[in-house]
Structures are given as structure tokens and as C-alpha cells.
Amino acid sequence: MARNLGGFLVLIAAALIYSSALASYIFQPISDSHRSAALELFNPLGGSFPSVEETYEELRTFEVLGIDKRSDISTAACQSVSEILGSSSSTLKDLFYALKVNGILKCDIKEDVFEGVASRLQAAVSGASALLDFYYSVGGLALIKGQTTKDDLYLADAEGVFQSIKWTTLARNSPTLSRALLGLVADVVRVVGCVGPALALSQSDGRWRYNSKNPESSTHAAGLALEALAGIVSLSSSEIDQSLISTTKNDILKLFDSIEKYDDGAFYFDEKLVGAHEHQGALSTTSSVVRGLTAFAAVTSGSLNLPSGKILGLAKFFLAIGIPGDAKDLFNQVDSLAFLESNTVSIPLILSLPATVLSLTKKDALKVKVNTVLGSNPPPLTVNLLRVLRSGSKDTLLTESQELKFDPENAVYTLDALPKSVDVGKYTFVFETVLHDSDHKNLYATGGQTRIPIFVTGVIEVDTAEIAVLDSDLGSIETKKKIDLAGDNTVPLSANHLQKLRLSFQLSTPLGHAFKPHQAILKLTHETKVEHIFLMGSSGKEFEIILDFLGLVEKFFYLSGRYNVQLTVGDAVMENSFLKAVGHIDLDLPEAPEKAPQPPAQPLDPNLIYGPKAEIAHIFRVPEKLPPKELSLTFLGLTLLPFLGFLLGLLRLGVNLKNFPSSSVPAMFAALFHLGIAAVLLLYVLFWLKLDLFTTLKGLGFLGAFLMFVGHRILSHLASSSSKLKSA
């Protein structure tokens, strides 16, 4: 039964996967899932990040998502910012990101430090020849202007710098000559449409180069260039020539001509740079363009004339990513959405559904939410349901639009009852968002009509289910029994190879229409676990299958015996999908011929291979029978008799200590010798009681060497004393 249930679960899983694939067209604003991912991905080792760039990415992501984690890293981050801003060897990139971090944490940086950094950055702008040098130096100056009390921080020749970002190899020692030459080149560009490859950083298709020596154009570089140009405009003490602004806006339109699109309406930029040192993916490239676009639009007047649908498509691209698994990708996603949330071109509004599966049985209401990309509430608007389309059909079930009611408490738009013609199945609901204030139409991007796939589920009615055994020749019914597919069944049947088995039932939707599920399967399982699966066909509401055993004897491997009959009916929109045991049938098949195919080998039960093994009962040796306690004590007394005899023998011989040396040194060696003998005897006792043989031999080796030394000394003394007595 477990294997059968597993097969049924595979069926349902496949339907759910199909459902989730269709749901990919539904975009959801930033949610708590992004906040949880940010807390998990931005987890620095030791409380600090390896670089100030990564520190800024964490702080910016947390700032946009509303996560208060500044106190955890502010001390270490501010210390790093102070060191970078106070060091004369810091790179332009480190200075740029240190100022960005300071803009969030508001570290205690003295004014003279800002003045020193500003002087370095202004000098860097004057000597810059590559796009990244302009980007970091100009961006750093713009950040300092917003973080200090000085109001006179401007670029001396902002218009000349603006032009020089486009053409970097012209002489800039004379600002007047530079401006004249660059203006002449700009006029040539406007008339001819291109410049020499050694001069122009900006290209005719809206893309940019990183430096004049690199012939490859980059979309990612275009976003950086637009940010740098926006910084120059904000640092200019006078208005930039509008012809330069118009040229840049025209470059933006050309850049958007190369934008790419997915089938779900998402727009994105992809990097086409081939020989780049570091390739940028679609997410990083699109994020760079969004930052540059919104920054430039914020500092210039007039419209960019960009279609609002493309801005909405960019928002859909970032939201379609879901929850990135990389900290850098999460930063690019969240940061870009924050810029789209507050841009001056067109603020995208996202229409989403809290639930895309509605139940007719539970009478679920259709609920729609409209928010900005970060989940903020939109301006006053109306949501209309324009059409309802059945998937796979051109029929329109709803021709008159219906306005959804707005619930201000929950900020959702609801349709209490689905259209009466909506039955179970998959549909496409077409919504329209209409802003109340006409002034908001140029400020917000709604995308016009929004198509969202929706599953409508319900309980499918199962009727007239019966199983019968038929005669092959006449087709008459020999045995027929009704079955209850909503309950338990144990229908016993019997047949031979000249008969047939018929199973039939009807399926209808809550509205009484014929229903055809994704799967209707009949399975017969022999008592040897050999399975046979048959797909059931349908005609209208009627599902029927007839098994002619005469034509199936070879497929059944001529196996007679009991077959369990099981019916499986399942569909993604069928709330009462079932797997039911119908009963069993005893088949009497003819004997197998000599060359008949053999049934396949059945896989072994995993529990037999990987399951717990039988417990092993260890049989220990039975201890030998010990002698009585009295006998053991008697034997111990007998073993002590020789020792007592030894002591008596010493007394009879008159043993004494008269020859014990009287001198201090010989007396010490004599005492050590006797103590060594006693230690050996004690070692023997310990060996008898608790020590093993190897430990005893190790100790005996040390004691033996000791006894040899002191014994030799005391014996030498005794021999010397004896020779002196004889000579005397």
C-alpha cells in the first residue's frame, strides 16, 4: 500500500509543479521572506565585513527593508570609515563606499577630514581618464555635499567635466579650450552620429566604454556613466547646457531600445560585453541601469519619454527573481526596487493575489492587492475584472467588467462571488487598474491590463460506479456489483481467460459539466507483487475500461491467482482526488507455454536491505566451577609454610646486622639495596593482585637496573673491607 500511495503522491506532485509553473507570472512585492533572507545572508564573521563595499551593501539592504541592525555594526563600521577617510593611501573606491556608509550611520567625522577628502576627489576628477575614476570621484563629492554643512562645494568646471566623461582624451589644461573643443565634438556627434573609437566613451547605441583604450561597449558601464553625470549636474554651480542634457536623454532612449523581454512581461538588460575582465549578469547590469536612470532623472527637468510599461517591466524582473541566494544579488534586487519606488520617471504599481487557488466548495472570495514594489499602499484607484478566459479555449466566460470592492481595513480589493459560469479548472483573469486622480497617471505605472492565471477547485461528483465480469462470446453480464468510491470496498470477483472485466463510473463538476481528470488509472496487482497499469478512457461524463483477459494472458505472464484491483483518479483542481481499493479478482489463466515470457524480478523490500537487523545474542563461556572456600584457605596456608620455614632458618643461623656498613655512603647504598629488594617483593604482590604481566615487567626492569647499581656499590665496599682485614 505504501508503494501505491507513493505513486499517487507523484501524480499530485506533478500537478502541483504544473500549477507553480503557471503561477510564475504572478509578481509579489517585497515581503518578510526577503527580511529573513537578509538576516541570514548578511552575517559577517567577527561582526565586520572584509570590505567597506560589503558593509555598505548590508546597511543599505537593511535600511530599505526596515531592519534595525545599525547598533550591531556601527562601532566597527564607523572606525573603518574614519580610518579610510583619514588615510592618504585610500583608493577612490574605498573613499566612495566609506562616504556611502557614513551617509547611513552618520559617524562622527570632523569637517577638516571632509575637506581633505574633497580636495583629493577634486584632484582625481581633474586627472581622471577612465569611467570608474569619474564615477568614484564625482560620486564621492556628491556624497560629501550631502553630509557636510558647506554649501559651496561645486565642481569648478562642471560642464567641461560633463563633456569630458564622454570624450576623455582631449586636453583639459585649459578649461576654455577644452570646452570649445568638446562642444565642437558634441556637435559632430549630433550631426554625424558617431565619433572616432579613440575618443568617445559613450556609444551610438546608448552603451558606454570603461576607458578609451577598451573598444568593447558595456550596458553596465552605461548605468555607471549616468550616475556620474547625475552627480556632475548636482555639483554644478550653474545650469548645464540643455543640449548636453538632451543628448544624454537621447542616449537613454537608445539604450532602452536594446532592452530584452520575458514572456511574463518582465524587462531586463543583459551584458553583451565579450572581453570584459569581470562579466556582469542580467541582475547586476539591470540594477546598474536602474540606478543611473533614476539618479539622472532626479537631477534633470523634463520627461525622459520612456514608456511606463518598460519601467513596470523592470520592476517585474526584480520581483520575479524571488528570494536571491546570494548577498550581492539580494542587495542589487532590493536597492534597485528602492530606486524604482521613489523615482521621478514612473513609479510601478504591482497587482498581486494573496491566493491563486479558489475553492468553489468553500466559496472563496477573489482578493486582489495593489502595492508599490516595496509593499506600500498606492494612491486611490479602482480594480476592475474585465474578462475571465478558460485556459486552452478561446471562450470568454465574463464579458461585462465587474468592479472589485475595496476593503480599507485590510487594503484589499474583493469580489465576493465568482462569475456563475466559472466551473472547476484553470482560468486567466484579466484585471484593470484605474487611478482616480488624472495627475497620477503620469506618475504611476499600472501596466494597463494584467492577466493572472487562477485555479478554481471543487468537489467532483462520482456516480454510477460499478464493476462487472462479462462473457467473451455473448458479452452478457455474469457478475455485476456496484461500488462506493467515496467509502471502502471489498468486492470479490472471479474470472477465467475467456471472460472480461469492466469498470465504469461517471464524473461531473459542481455545475454538472463533464469532468476529465489528468489521470484515471486502473491497477491490478498479483499476489506476487507483479503490477499491471491501465489508463481509462472517457466519453462525456462516462469513464469505462474493459479488460479482455484472453488478449492479456501473455501480458499477465500466465499468472493465475488473486489480483487486487485499485482505482486512482486525480487532478490539480479536484479536491476529492482518490486512490481506492475496489476489491480483488481471482483469475484462472491457462498454463504458460514453454517459451512464454517470465515475470520481471521484483525489487527487494528496502526494509530487508537497510532495515534493522536481528539482535545478536552473544554466548559467553560458562565460568568454571570453583573449589570450596575452605579448601582455598587451606591451600593458602600451605603456600605460606615455606616462608615461615625461611624465617625460622634465619633465626637458627643467627643472622644479624654486624656487617652493616657504618660509613654514611656505604650505609646509604646498603639501605637502598634492601629497599630495592623489598620493592621487588611488593611488585610481585601487586602482580598477584591487580597488575598485568607487561606492567610488571616494565617496573621490574627499572628496579633491576637500580638494584644492579646499588648492589655493585655495596658489594664493592664489602670486598674492600674484607681485603683490608686479611692484610691486617
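Colleague: Which residues does Thr294 touch, not counting residues up to four places away in sequence?

Modeller: A contact here means heavy atoms within 4.5 Å. This is a predicted model, where local features need pLDDT of at least 70, side-chain atom pairs count only at pLDDT 80 or more, and totals for chains, interfaces and linings use all residues. Numbering runs from 1 along each chain as its sequence is written, and side-chain values use heavy atoms, with hydrogens and water left out. Leaving out residues up to four places away, Thr294 touches Phe339 and Asn343.

Colleague: Is Thr294 buried or exposed?

Modeller: Thr294 is found in helix H12, residues 282–299 (helices are DSSP runs of H or I, at least four residues; strands are E runs, at least two; both are numbered from the N terminus). Buried means under 20% relative accessible area, exposed over 50%, and partly exposed in between, using a 1.4 Å probe and protein chains only. Thr294 has 6%, so the residue counts as buried.

Colleague: And Lys363, buried or exposed?

Modeller: Lys363 is in the loop between strand E4 (357–359) and strand E5 (366–372). Its phi is near 55°, a positive value in a residue other than glycine. With 70% relative accessibility, Lys363 counts as exposed.

Colleague: What is the phi of Thr464 near?

Modeller: Thr464 lies in strand E14, residues 461–471, and is exposed at 52% relative accessible area. Most residues other than glycine have a negative phi. Thr464 has a positive one, near 45°.
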